[in-house]
Amino acid sequence: MNINEIKVIESKDNELMAQDFTKLAGEYLASMGNKLPENQRTQFLEICRSFCLNPFKREIYAIPYGNDFNIIVGFEVYLKRAERSGKLSGWKVWTEGEGNAMKAVIEIHRKDFDFAFTHEVYLTEYSTGKSMWAKAPKTMI
């Protein structure tokens, strides 16, 4: 067997794996009660594949919202990728305030930065006031 034959076999295996992934991931979404229309499910699965995110590991979520859907990437993905870069020096996250004044703050330290990167998000800008946002606002933000 020459190198070209190996590439063709690997290509066919990858294609089969992609087809299996698409089928299994679609079934998984449906079993979790996710009722995305077929075109949105396909779009979501392409995003998963493009960014190497695995919905089975809960790295990425598709949340139906009206006639569209939102994509949520689990925070662990960001941590893993930051650690993989070799430049992460530490991080911390906390909430401040209560009720509508609540915000979440993250501080990220990199080995190649003199100062920490700090970012804030406010509950009022993200909360839908429904479901988990109403029950656990600190967790959601």
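Predicted model: local features only at pLDDT ≥ 70, side-chain atom pairs only at ≥ 80, totals over all residues.
## Before you start

Local features here need pLDDT of at least 70 and side-chain atom pairs pLDDT 80 or more, while totals for chains, interfaces and linings use all residues. Residues are numbered from 1 along each chain as its sequence is written, and side-chain values use heavy atoms, without hydrogens and water.

A pocket is an open set of points on a 1 Å grid over the protein atoms alone, where a 1.4 Å probe fits, with protein on both sides within 12 Å along at least five of seven lines; lining residues have an atom within 4 Å of a point. Its volume is the space filled by probe spheres set on the points, which are joined across faces, edges and corners.

## The largest pocket

Let's begin with the largest pocket, which holds about 1800 Å³ of space. It is lined by 44 residues, and Ile 72, Val 73, Phe 75, Met 140 and Ile 141 are the closest to its centre.

Helices (DSSP runs of H or I, at least four residues) and strands (E, at least two) are numbered from the N terminus. Elements giving at least two lining residues include strand S2 (68–73), helix H3 (75–85) and helix H6 (137–140). H3 brings the largest share, 7 residues.

## The second largest pocket

Next comes a pocket of about 240 Å³. Among its 13 lining residues, Met 32, Asn 34, Tyr 61, Ala 62 and Ile 63 lie closest to the centre. Helix H1 (3–31) and S1 each give two or more residues to this lining, and S1 has the largest share, with 5.
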